[in-house]
Amino acid sequence: MKVKVRQWNGVASWLWVANDENCGICRMPFNGCCPDCKVPGDDCPLVWGQCSHCFHMHCILKWLNSQQVQQQCPMCRQEWKFKE
Amino acid sequence: MLTLASKLKKDDGGKTGRASGASDSTHRVSIRDRLLTKEVAELEANLPSTCKASFPDENKLHHFQLSVSPDEGYYQSGKFQFEIDVPEAYNMVPPKVRCLTRIWHPNITENGEICLSLLREHSIDGTGWAPTRTLKDVVWGLNSLFTDLLNFDDPLNIDAAEHHLRDKEDFRNKVQDYIKHYAR
């Protein structure tokens, strides 16, 4: 039997690889987006701290911007430094 | 990379995926209210046996009262009412809590102000509010003000703390006196 492929559609899926299901700040799934966004993906990325805790970038920035005195990880209260 | 985001961007002519603030928030459920539907359910399923929460308006989960009836310690037999208001900016800011029952307590003033690190919006020692906390933590914290977290060494009501230091029996009597008058 000979088959001729006339047309094909590529389908891909993606996931964030994080050690948790949900963002500890907004409690929304990491594979979804933060409450201020509508679309998950590159426009609402995840970021990691050196303490290894992970949040939606928009969520952790919102929290850090509200803290004038010290910038700490809301999970472990270590000083927050972005992991390179 | 092909993303849904870039596809949508193309579709609506370059508008970004991010919500554009005030105009948008009017027809979206607020972050606070979305969090509260989860947290109130979690709270009610995990309430300490000494606590009771009541919601005067079931449609306003951001405003409720908590009554604490300690079953041990100086405050046993009292029933203390707290009023909890969750601001619109929750969970970036902590709930606002007042004690409605007049009380003789080192960490609660007679006017109802409360000293509980969890409720502090900005703290120098890093023990204040964090958005990873929930209403359940707040209620357990308030409940503990009558037991584990009762703290005479860092008082808000200095007179009460000094009273305790001076004469523990007399302190106990005054606490019970207040309970008789205000906390039944």
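**Cys115(B)**

I started with Cys115(B) in this predicted model: is Cys115(B) buried or exposed? I got a relative accessible area of 19%, and the cut-off for buried is under 20%, so Cys115(B) counts as buried. I looked Cys115(B) up because the UniProt annotation "active site" covers it, in an unreviewed entry. I found Cys115(B) in the loop of chain B between β4 (96–99) and α4 (135–144). Setting aside neighbours within four places in sequence, I listed what Cys115(B) touches: Asn107(B), Arg120(B), Leu145(B) and Leu156(B).

**The annotated stretch of chain B**

Over residues 31–184 I get 32% helix and 13% strand.

**Leu150(B)**

Next I went to Leu150(B), which sits in the loop between α4 and α5 (158–166) of chain B. With a relative accessible area of 18%, Leu150(B) is buried. What is Leu150(B) in contact with, leaving aside its neighbours within four places in sequence? I noted Tyr74(B), Tyr75(B), His105(B), Pro106(B), Asn107(B), Ser144(B) and Leu145(B). Asn107(B) and Leu145(B) turn up here, and both were on my list for Cys115(B) as well. I also checked the distance to Glu110(B): the C-alpha atoms of Leu150(B) and Glu110(B) are separated by 16 Å, and the two residues are 40 apart along the chain.

**His62(B)**

His62(B) took me to another loop, the one between β1 (51–54) and β2 (63–68) of chain B. The side chain of His62(B) makes a polar contact of 3.3 Å with the side chain of Arg32(B). Apart from neighbours within four places in sequence, the residues in contact with His62(B) are Arg32(B), Asp33(B), Leu36(B), Ile84(B), Asp85(B) and Val86(B).

**The contact between chains A and B**

I moved on to the interface. I count 25 residues from chain A and 31 residues from chain B in the contact. The two chains bury about 2400 Å² between them, and 53% of that is on carbon and sulfur atoms. Which three residues supply more of chain A's buried area than any other three? I get Arg27(A), Trp63(A) and Arg77(A), which together give 26% of the area chain A buries against chain B.

For polar pairs across the interface, I count eight residue pairs in polar contact, both residues at pLDDT 80 or more. By class, the side of chain A that touches chain B has 11 nonpolar, seven polar and seven charged residues. Between chain A and chain B there is one salt bridge.

**Salt bridges**

Over all chains the count comes to eight salt bridges. I checked the burial of both partners: Arg27(A) is buried at 16% relative accessible area, and Glu39(B) is buried at 2%.

Within chain B I looked at Lys136(B) and Glu42(B), whose closest N and O atoms are 3.9 Å apart in a salt bridge. Lys136(B) lies in helix α4 and Glu42(B) in helix α3, so the pair ties together parts of chain B that are 94 residues apart in sequence. Lys136(B) is partly exposed at 24%, and Glu42(B) is partly exposed at 30%.

A further pair is Arg102(B) with Glu110(B), at 2.9 Å between the closest N and O atoms. Arg102(B) comes out partly exposed at 35%, and Glu110(B) counts as partly exposed at 30%. I also noted a network: salt bridges that share partners join Arg32(B), Asp33(B) and Glu88(B). Arg32(B) and Asp33(B) were already among the contacts of His62(B).

**Helix α1 of chain A**

Last, I went through helix α1 (residues 57–66) of chain A. His58(A), Cys59(A), Ile60(A), Trp63(A) and Leu64(A) are buried there. The buried residues of α1(A) pack against β1 (46–48) and β2 (54–56) of chain A. Trp63(A) is one of the three residues I noted at the interface.

How values were computed:
Residues are numbered from 1 along each chain as its sequence is written. Chains are lettered from A and ligands numbered from 1 in the order in which they are written. This is a predicted model: local features need pLDDT of at least 70, side-chain atom pairs count only at pLDDT 80 or more; totals for chains, interfaces and linings use all residues. Side-chain values use heavy atoms; hydrogens and water are left out. Helices (H or I, at least four residues) and strands (E, at least two) are DSSP runs, numbered from the N terminus. Contact means heavy atoms within 4.5 Å. Buried area is the accessible area (1.4 Å probe) that two parts lose on being put together, summed over both. A salt bridge is a side-chain nitrogen of Lys or Arg within 4 Å of a carboxyl oxygen of Asp or Glu. A polar contact is a pair of N or O atoms within 3.5 Å; within protein, one must be able to donate a hydrogen and the other to accept it, and residues adjacent in sequence count only if both atoms are side-chain atoms. Ala, Val, Leu, Ile, Met, Phe, Trp, Tyr, Cys and Pro count as nonpolar, Asp, Glu, Lys and Arg as charged, and the others, Gly among them, as polar. Buried means under 20% relative accessible area, exposed over 50%, partly exposed in between (1.4 Å probe, protein chains only).
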